Amino acid sequence: MSSKIRVLVAKPGLDGHDRGAKVVVRGLRDVGMEVIYLGLRVSPEQIVEAAIQEDVDVVGLSCLSGAHMSLFPKTMELLRNKGPKDILVVAGGIIPEKDIPQLKEAGIAEVFGPGTSIDTIAKFIAAKTEGKAR
Amino acid sequence: MAEKKAEESSERKKEFKTTVGGIPIKKVYGPVDSAPVDPNKDLAAPGEYPFTRNIMPTGYRGRLWTMRQYAGFATVEETNERFKYLYKNGQTGFSVAFHLPTQEGYDSDHLLSAGEVGKCGVAIDSLQDMERLWEGIPLGDVSTSMTINATAPIILAMYIAAAEKQGVDRKKLNGTVQNDILKEYIARNTYIFGPAPSMRLVTDICTFCAQQLPQWNSISISGYHMREAGATAAQEAAFTLANGIAYVQAMIDTGMEVDSFAPRFSFFFAAYTNVLEEVAKYRALRRTWAKIMKDRFGAKNPRSLMLRYHVQTDGFTLTAQQPLNNVVRVTLQALAAVLGGCQSLHTNSFDEALSLPSERAVQVALRTQQIIAEESGVADVVDPLGGSYYVESLTNEIEKRVLAYLDDIDRIGGSLKAIEKGYIQQEIANSSYEHQKAVDSGEQVIVGLNKYTTQEQHGAELLHVGADLEAKQMDRLSKLRAGRDNHKVKLLLDKVHGVAKSNDNIMPVMIEAVEAYATLGEISDALRQAFGEYRERNVV
C-alpha cells in the first residue's frame, strides 16, 4: 500500500495539553494512515518545514491554550507561501465557535471540538483526500 | 427485583467497571469484601495513623475545606482588582494561574510568546508585575497557591521579594508552590530543563523553604494532570505516590532529615464523576502514603505521615455539548472530593470545554461548593462512607493496585527512570486511548455527547481576552529594561549561571536577581545556558 494517507500532527505554541493530539495520532494510525507526531511547542515555521519534508497530505493542528487565533492563521500563511497548495489542514482544541469562520477563511478545512470521534475525523480526511494522486 | 434480574443474567451490561480500564464491580458487597487488610490499624479513628478516615479527628466539623478557586485574568491589574475584591469579601486563600510564557521561562516579548500572552493566566515578567499583582493585599495575612513548576524558583523569589517590599517577614508567608517537575514530563508539559537539574531545583526550593519559610508548602505533588491525560484512578494514585517517593528520597539524598521537610509536602488530585471510586481513592491514598512514610522512610512526626491535598474537579469530563450538564458533573465530583476529606477544593466552571471560564460560570462553580458545605449535610460527619462494604472494598483494591505499580516502578529504578523510559507515559496513553475507543463505540456513555444528544446551540457567554494586552506587556518590559541598572542585572545573571553550575542552593541568588529586576526570561536563559533544554520523547 503505497497510497497511505500521510498526516502530520503538531501542537504549535506553548500549550501542553496533548491528550487529544495523541489520541488522534493513534486513532488515525489504527485506521491505516501514516501519522507523524511532531509533538509540543513547535513553531509554525517548524510545522511547515516538517510538512514539506515529510510530503504529507494532511496537517492536524491542536491548541487548547487560547492562542489559536494567532498560531493557526500564521501557520496557514507560511504553508500557503512555502508549501504545496493542496495540503489539507484540520484543527482541534478548545476553539470558541465564533472563531471558526475566521479560521476557515484562513484555509483551515475543519475545526474539531471536544467530543469529536476518531471516526468523524478519519472519514473527513479520507473524503477530502480521495482521488488525490500520489 | 434488581437481584432477581441479575440472577437471570439479564443485566444491563456484560461487565460493570468503575471507569474504562478501572476496577470490575460485583453485584453486591458484604463484610467479607470490606475486611481491612490490617484489621487493627487500617480503619483507625480519624486523625490516627494510617489516616484512612481523615487526617483530622474532627474532619470538617472544626473547619470547612478551603474553597480555593484557581484564577488569573490576563493583566496584573485585572487580577489584582479581582483579588482585592475577594480579599475585601473575606477570601484569604488565593490561587494564581500564570500564563504559559511565565510557566515555560519566556518573557512576554519572546517570539514563542506570540498569541499566548495573558491566555490561561496572568502575565508575570518581572518583580514589578509581582508587586502590582499584590498591591493592597497584605501578604502576611493571606495564603497563596501558585501553579508554577519549571520556573518555581524565580516566581517564589519574586513573591518573597514582593512581600519583603511590603514589610512582611518571609517567615510569615503562607502558601504553596506546585514545584512538581516530574509530572510535567509525564503529562502537563511545562518543563524547561532535563530531569536531573530540574530535580535539583525542586530540592533547592524544599530545602530553602524548610529553613526560611516555615509555613510554606514547598511542593504540591500532583496527580491531577496525569488523570487529565488519561490515567485511571488507581494510576493517578500510584504515579503520584511514586513521584512523592522520588522527591522524599531526593531530599534525603541531599542530607536532610525526613521530618525536617516532609510536613510541608502537599498533594493535588482530580475528582472524576464516579463518586464512590473517587472517595475510595482518597482514602487509599492517605493510608498508603502514611505507610510509605513510616515504613520506607522512618518518619516519626505525625505531620510527615499525613497526606494533605487539594482537589480540582476534572476538566476532561466536561462536555462542550449541552454545557449546563457540566454543573451536575461538577457537583458530583465536588461531592466526591468532600466525602473523601480534601483540605481544599477548586470546582470547574461549566463552560470550560468551550473557552476560558466566564464570570457567571465561575460563580456557579463556587456556589456548588457552598451548597455542599451549607446545605447537603455531608460536611457534618467525618468519613461518612467509612464502613460501607463497597467503599471499603474499593479502598483496599485501589491500595493493592497502587502497591503493585509501586513495585513495578521500584524494579525499573524509581519514577525518574520510569519516566525516562516512557513507561508511565505509555501506561497513561494506553488508558487514554482505551477510553476514547470506549466513548466512540458507545460502550462508555457520556450524556449529551454519545447518548441523549440534541442539536441545540450552547449560546453561553464566553470570556474573551483582548489582543492589545500583548503590546501593553511588551511596552512595560521595554520601559523596565530601560529604567533599571543593567550592569547590575548582567552581573547577577552571571551569578545565577555560576550558582546553577555549582552545588549551592539557587534560591538566595534568585532573590537577588529578581530584586534587581532581572526578568523571568533572562533568568531562565541563564539557567538554560547552565542546564541545557529538555526535548521530550513522544509517547503516543
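## Terms

Strands are runs of at least two residues that DSSP assigns as E, and they are numbered from the N terminus. Two strands pair if DSSP finds at least two bridges between them. With these terms, the present structure, which is a predicted model, can be described.

## Paired strands in chain B

Strand β3(B) has a partner in β4(B): these two strands run parallel and are joined by four bridges. Within this pairing, Val96(B) stands opposite Met146(B), a residue of β4(B).

Strand β3 of chain B, residues 93–96, is also joined to strand β2 of chain B, residues 70–71. Two bridges link β2 and β3 in chain B, and their direction is again parallel. Here the residue in β3(B) that stands opposite Ala71(B) is Val96(B). In a regular strand, side chains alternate between the two faces of the sheet.

## Elements and overall form of chain A

Chain A contains five strands and five helices. Read from the N terminus, its elements follow the order β-α-β-α-β-α-β-α-β-α. The radius of gyration of chain A is 13 Å, close to the 14 Å that the globule rule gives for 134 residues, so chain A is as compact as a globular protein of that length. Along the principal axes, the C-alpha atoms of chain A fill a box of roughly 40 × 35 × 25 Å.

## Burial and contacts in chain A

Of the 134 residues in chain A, 48% are buried. Contacts in chain A were also examined by sequence separation: among those between residues at least 6 apart in sequence, 75% join residues at least 24 apart.

Methods:
Residues are numbered from 1 along each chain as its sequence is written. Chains are lettered from A and ligands numbered from 1 in the order in which they are written. This is a predicted model: local features need pLDDT of at least 70, side-chain atom pairs count only at pLDDT 80 or more; totals for chains, interfaces and linings use all residues. The radius of gyration is taken over C-alpha atoms; the globule rule is 2.2 Å times the number of residues to the power 0.38. A residue is buried if 20 or more other C-beta atoms lie within 10 Å of its own, exposed if 12 or fewer, and partly exposed in between; C-beta atoms are placed from the backbone. Two residues are in contact if their C-beta atoms, placed from the backbone, lie within 7 Å.
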